[in-house]
Amino acid sequence: MLWTKEGKDIRCELCARRCLIPEGKTGFCKVRINKKGVLYTKNFGKIVSMAVEPIEKKPLFHFYPGSQTLSIASFGCNFRCKFCINWELSQRERVEYKSYTPEDIVRIANEKGVKIIAYTYTEPTIFFEFAYRVCRLAKRYNIKNVFVTNGYMTSEAIKKIGKYLDAATVDFKASGNPEFYKKYMEVPSVEPIFETLKNFKKHRIFTEISNLIIPGIGENREDNRKLVEWIMEELGSSVPYHLIAFFPSYQMMEIPSTPLETLEKLALDAQDVGMRYVYIGNVWGSKFENTYCYNCGYSVIERTGIFVNNINLSKDRCPNCGFKINVIRE
């Protein structure tokens with residue numbers, strides 16, 4: 001899907017890199033290959049990871065809270081994050097996998113009684129054709145579809161899958177600092193991510209945003225504040241915002257884990273700017289685990305880490321004051 005010919009080369013129009021791919025070569029993602037003037041994907045139906053787990057792990061805190069997802073992934077990525085926690089799946093060209101059809105995935109979800117499929121672990125854009133077909137089929141069975149994505153996709157891709165995609169978590173790193181993305185992720189520009197967020201809003205895709213905070217090199221409070229201000233201006237103050245703790249991984253084992261106090265400062269900054277629902281992830285026991293009514297402060301969803309303990313909501317409203325919470329439930 002999503003390519004045009006330019007002579008003998010192919011212009012891929014799936015992700016924001018828009019790679020020009022010569023005959024016999026792959027794009028930056030290493031999974032889309034030009035074979036005699038036709039673009040093929042190398043990972044269709046090749047699933048490298050599958051698990052049933054809470055939707056809060058995505059993290060999605062306001063989309064069917066307390067639900068389970070069937071989470072799936074294939075291999076490949078359009079980023080080169082030096083700190084990737086799933087690098088063995090996303091950065092290697094040879095990965096063990098098991099082949100599935102879209103019908104297989106929907107059948108497994110139904111067998112396990114799961115009503116949400118999450119495309120996650122690696123970048124779902126890079127296994128777009130398979131995700132698209134699963135999404136389309138899942139809709140017939142009233143199964144929801146969610147992307148956990150870096151947001152680096154084209155408007156054409158979003159238009160194609162938009163009517164089948166129910167929700168997404170867009171994962172920022174280091175508050176979207178452009179130089180960080182260039183140096184540590186090989187991403188030339190962050191602007192396409194912001195365009196994706198605006199397109200998600202246009203297509204009414206429920207969106208939450210996460211922000212991985214890396215100690216020392218990616219914890220700038222001003223960058224965090226700028227990101228939050230953009231979210232509020234373009235998307236609104238009710239978008240759930242997750243500050244995620246970093247743990248040493250891949251090529252950045254020398255960087256320490258993110259201190260809780262760093263995350264709490266950034267969380268308070270986000271609240272000061274006006275964000276209504278601010279969370280801290282990868283750290284259990286924080287006061288930023290629960291969802292509180294913005295109007296009266298009543299605890300409407302209580303959690304321990306990624307597990308929901310109690311939901312105190314009257315549909316989507318605070319039972320204490322009647323204030324509408326930005327949450328989607330059955």
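**Reading the fold and its cysteines**

Biologist: How many helices and strands are there in the protein?

Modeller: Helices (H or I, at least four residues) and strands (E, at least two) are DSSP runs, numbered from the N terminus. The protein has eight helices and 18 strands. This is a predicted model, in which local features need pLDDT of at least 70, side-chain atom pairs count only at pLDDT 80 or more, and totals for chains, interfaces and linings use all residues. Residues are numbered from 1 along each chain as its sequence is written, and side-chain values use heavy atoms, with hydrogens and water left out.

Biologist: What share of the residues counts as buried?

Modeller: Buried means under 20% relative accessible area, exposed over 50%, and partly exposed in between (1.4 Å probe, protein chains only). Of the 330 residues of the protein, 56% are buried.

Biologist: How many disulfides does the count give?

Modeller: A disulfide is a pair of cysteine sulfur atoms within 2.5 Å. The count here is zero. Cys81 is in no disulfide, and its nearest cysteine sulfur, that of Cys84, is 6.1 Å away. Cys81 is buried, with a relative accessible area of 9%.

Biologist: Which share of the contacts joins residues at least 24 apart?

Modeller: Contact means heavy atoms within 4.5 Å. Among contacts between residues at least 6 apart in sequence, 64% join residues at least 24 apart.
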